[in-house]
Amino acid sequence: MEKGNSPDERLRPDSGSTRADSLDLASVWDCRHVANLAASFRIPGMPFLDEKLETLTPAAIRIVQREKLYAMLDAILPDNAFYQKKLQGIDPELAAADWSKLPFTTRAEIQADQAANPPFGTNLSFPLNDYVRFHQTSGSAGVPMRWLDRPCDWAWWHRLWHTIYRAAGVMQTDRFVFPFSFGPFIGFWAGFESAVSMGNLSLPAGGMTTTARLKFLLDNAVTVIGCTPTYALRMAEVARNEGIDLPASSVRALFVAGEPGGSIPAVRAAMESGWGARVFDHSGMTELGPYAFECLESPGGLHVNESEFIAEIRDPASGEIRQDGAGELVLTNLGRWGAPLIRYRTGDHVHLRRELCTCRRHFARLDGGILGRIDDMIVIRGNNVFPTAIEAILREFSEIAEFRLEVTDARAMSELKIVIEPTPSAETKSLLAGVTAAIRDRLSFRPIVEFVKPGTLPRFEMKARRLLRKPSNDGAN
Ligand SMILES: [Zn+2]
């Protein structure tokens with residue numbers, strides 16, 4: 001065995017290794033010790049995982065990003081065939097100093113690469129045997145993408161989730177439940193395992209009915225829930241129907257992810273009143289990582305963790321890149337070297353603002369969270385409308401139990417029908433008048449509304465599918 005190869009030797013910082021070896025050491029160190037990392041930072045009431053890193057000035061953040069990007073490019077380019085091809089002739093040092101020279105990466109490129117090189121594609125920087133975790137996207141935006149992680153990439157996920165939990169004031173005494181059937185979707189695996197590695201008792205709650213899950217979380221005096229906004233509302237609805245007083249329970253916080261609802265005021269208000277708990281919105285993507293979180297101090301928006309991601313805004317019309325404002329969010333992750341993404345076009349429409357937050361972070365803020373998927377945008381009478389904007393209005397009406405948006409696309413014009421399932425006691429005539437007036441006033445079009453009987457529309461445990469797009473001619477699916 002070569003000198004420096006045994007794990008113990010490699011972990012000793014002063015083992016006389018060369019500079020190249022010490023780069024390698026960093027990842028080994030991370031893998032072995034990240035589980036204990038949070039415990040070492042555990043100061044009651046401390047809302048940071050790494051206060052120094054999270055409160056850097058914008059100029060210092062940029063230096064951290066540049067150094068991490070350089071280290072990443074240097075580490076991945078020797079063996080990552082996908083980026084070798086895309087970044088041919090690019091000097092890592094120059095690219096890290098000015099990343100606007102790097103090309104974008106798109107979902108379509110990754111999908112095409114995985115189709116041409118099944119099953120995992122060529123965006124792998126290390127030998128396949130190094131990878132231990134498999135996840136895939138839900139496929140709501142087309143063909144599912146497969147994503148692999150090495151132990152140290154997964155440790156990076158944990159560290160980022162620890163940041164999210166700390167920013168929300170999670171304490172050691174908090175007890176988590178994840179009312180979710182664990183499958184290949186990444187979100188709640190990472191949330192669950194990171195709560196465990198932070199030292200919090202964490203209960204899986206897959207394979208149960210909603211009623212059984214409610215009983216389970218009450219019986220076990222759970223304080224924190226992790227689920228989609230849709231399912232948080234569904235659980236509150238079932239609790240109401242069954243006479244369970246959720247606001248009187250020990251639950252004090254809901255971490256919601258997977259959909260935009262957590263930062264939509266009316267959805268948020270419905271969750272918070274239904275549970276008597278504070279909502280913390282979160283945004284992450286299987287292919288990118290958990291990139292944004294809500295701090296305790298400023299509800300209704302998300303901080304991008306800029307010590308681990310570079311955020312840019314792309315104007316959808318001109319393609320121009322900006323540092324803030326409204327447009328498509330473009331992200332580069334800096335710590336998932338096994339399968340990185342450089343200038344990835346997320347397809348999410350956001351409004352990004354840069355200013356110091358009351359939580360003392362300079363991290364960019366996405367006002368109102370994720371405002372919608374660019375692909376889901378509907379053009380109605382010349383207006384660009386996101387389904388989330390319609391949801392924001394519909395959720396203000398407590399007489400609406402569930403809804404669906406049916407869009408018929410015809411040339412540049414779309415027709416939208418809003419299918420509403422009212423609560424059993426709702427008075428549909430006044431509900432119709434209220435919804436029509438609110439949409440006309442705030443979104444400038446008159447909607448077609450159809451009511452269906454209570455219990456007709458589907459309920460969802462994971463991401464809801466409330467948008468139905470139909471072709472222009474026959475209206476068939
Ligand atoms: Zn903040």
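Student: How are two packed helices described?

Tutor: By two things: the angle between their axes and the distance between the axes. In this predicted model, take helix α13 (residues 387-394) and helix α14 (residues 428-443): their axes are 10 Å apart and meet at an angle of about 135°.

Student: Which word describes how α13 and α14 lie to each other?

Tutor: They are oblique, and α13 passes α14 in a right-handed crossing. On the α13 side, the contact is made by Ala389, Ile390, Ile393 and Leu394. From α14 come Val435, Ala438, Ile439, Arg442 and Leu443. Sorted by type, the residues of this contact are 8 nonpolar, no polar and 1 charged.

Student: Now the strands, please. Which strands pair with β5?

Tutor: Strand β3 (residues 176-178) runs parallel to β5 and is joined to it by 2 bridges. Strand β6 (residues 253-256) also pairs with β5 in the parallel sense, over 4 bridges. You can find valine 224 of β5 as the bridge partner of phenylalanine 176, while glycine 226 stands opposite phenylalanine 255 in β6.

Student: Which way do the residues of β5 point?

Tutor: Val224 and Gly226 point one way, Ile225 and Cys227 the other way, and all are buried.

Student: Why does leucine 302 count as buried?

Tutor: Count its neighbours: 20 or more other C-beta atoms within 10 Å make a residue buried, and leucine 302 has 27, so it counts as buried. Leucine 302 is in strand β9 (residues 301-304). Its contacts beyond four places in sequence include Ser263, Phe293 and Leu366.

Methods:
Residues are numbered from 1 along each chain as its sequence is written. This is a predicted model: local features need pLDDT of at least 70, side-chain atom pairs count only at pLDDT 80 or more; totals for chains, interfaces and linings use all residues. Axes are lines fitted to C-alpha atoms, for helices over the stretch in contact, and angles run from 0 to 180 degrees between N-to-C directions. Angles under 35 degrees count as roughly parallel, over 145 as roughly antiparallel, 65 to 115 as roughly perpendicular and the rest as oblique. A crossing is left-handed if the near helix is turned anticlockwise from the far one by less than a right angle, and right-handed if clockwise. Two residues are in contact if their C-beta atoms, placed from the backbone, lie within 7 Å. Ala, Val, Leu, Ile, Met, Phe, Trp, Tyr, Cys and Pro count as nonpolar, Asp, Glu, Lys and Arg as charged, and the others, Gly among them, as polar. A residue is buried if 20 or more other C-beta atoms lie within 10 Å of its own, exposed if 12 or fewer, and partly exposed in between; C-beta atoms are placed from the backbone. Two strands pair if DSSP finds at least two bridges between them.
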